[in-house]
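Subject: Structure handover and notes

Dear colleague,

I am passing on to you the structure that follows, together with some notes on what was found in it. Please look at it first and then read on.

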Amino acid sequence: MQIRCMYCHTMFTLTREEMLVALHTLREENLQHYDAPCPRCRRATPVARKRLEWANPNWEQAYEEMLKEAEKAEQEQAALAAEATKTPPKEEKKTSSRKRHGSKKSTAQPAKTPSKKKPSAAKGKGASKAKKSAGRSTAKKAKK
Ligand SMILES: [Zn+2]
């Protein structure tokens, strides 16, 4: 809900939660207006209780739902905080071990490349020799 401060004329928003809490306290204290604190001058601008009720029909039900949601959120946060304190940070070690595996693979690749170069180099020089030797060996075999 948009509210204009009656002192400095700043427009500020009352959230749904603030309005529901305000309506609850208005009923508890039997007041007819809610003092909305201005974020700029921090003075309280009175907001009529009826105006809040019009803006939030079925606000009692909404207020109870909001309380339940707040309780759930608190419980979830408490559970998360408990889990965070229980489990030590093991995830960092896992990632580092994965990186080691990757480095092993990368080091294995350069070892293969020289073995590939050897036969290609032997082909250029030994091609003629291989043909001669092959011819001799076949000739020897043929004689026998
Ligand atoms: Zn103000």
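Leaving aside its neighbours within four places in sequence, which residues is Leu20 in contact with? With those neighbours set aside, the contacts of Leu20 are Asn56, Trp59, Ala62, Tyr63 and Met66. Please keep in mind, here and below, that this is a predicted model.

To begin with the whole chain, the protein has 4 helices and 4 strands, and, read from the N terminus, these elements follow one another in the order β-β-α-β-β-α-α-α. Of the 144 residues in the protein, 6% are buried.

The largest nonpolar core consists of 7 residues, namely Met19, Leu20, Ala22, Leu23, Tyr34, Ala36 and Leu52. Helix H1 (16-29) and strand S3 each supply at least two residues of this core, and the largest share, 4 residues, comes from H1.

Glu17 also has its place in helix H1, but this residue counts as partly exposed because it has 13 C-beta neighbours inside 10 Å, whereas a buried residue would need 20 or more. Although Glu17 and Tyr63 are 46 residues apart along the chain, their C-alpha atoms are separated by 7.9 Å.

S3 runs antiparallel to strand S4 (residues 44-48), to which it is joined by 5 bridges, and in S4 the bridge partner of Pro37 is Ala44. In the hairpin that these two strands form, 6 residues lie between the strands, and Arg42 takes a positive phi near 60°.

Lastly, helix H3 (residues 59-86) has 28 residues and reaches 40 Å from its first C-alpha to its last, which is close to the 40 Å expected at 1.5 Å a residue. This helix is hardly covered, since the count of buried residues among its 28 residues is 0.

With best regards

Key. Residues are numbered from 1 along each chain as its sequence is written. This is a predicted model: local features need pLDDT of at least 70, side-chain atom pairs count only at pLDDT 80 or more; totals for chains, interfaces and linings use all residues. The expected span of a helix is 1.5 Å times one less than its number of residues. A residue is buried if 20 or more other C-beta atoms lie within 10 Å of its own, exposed if 12 or fewer, and partly exposed in between; C-beta atoms are placed from the backbone. Two strands pair if DSSP finds at least two bridges between them. A nonpolar core is a set of buried Ala, Val, Leu, Ile, Met, Phe, Trp, Tyr and Cys residues joined through C-beta atoms within 7 Å. Two residues are in contact if their C-beta atoms, placed from the backbone, lie within 7 Å.
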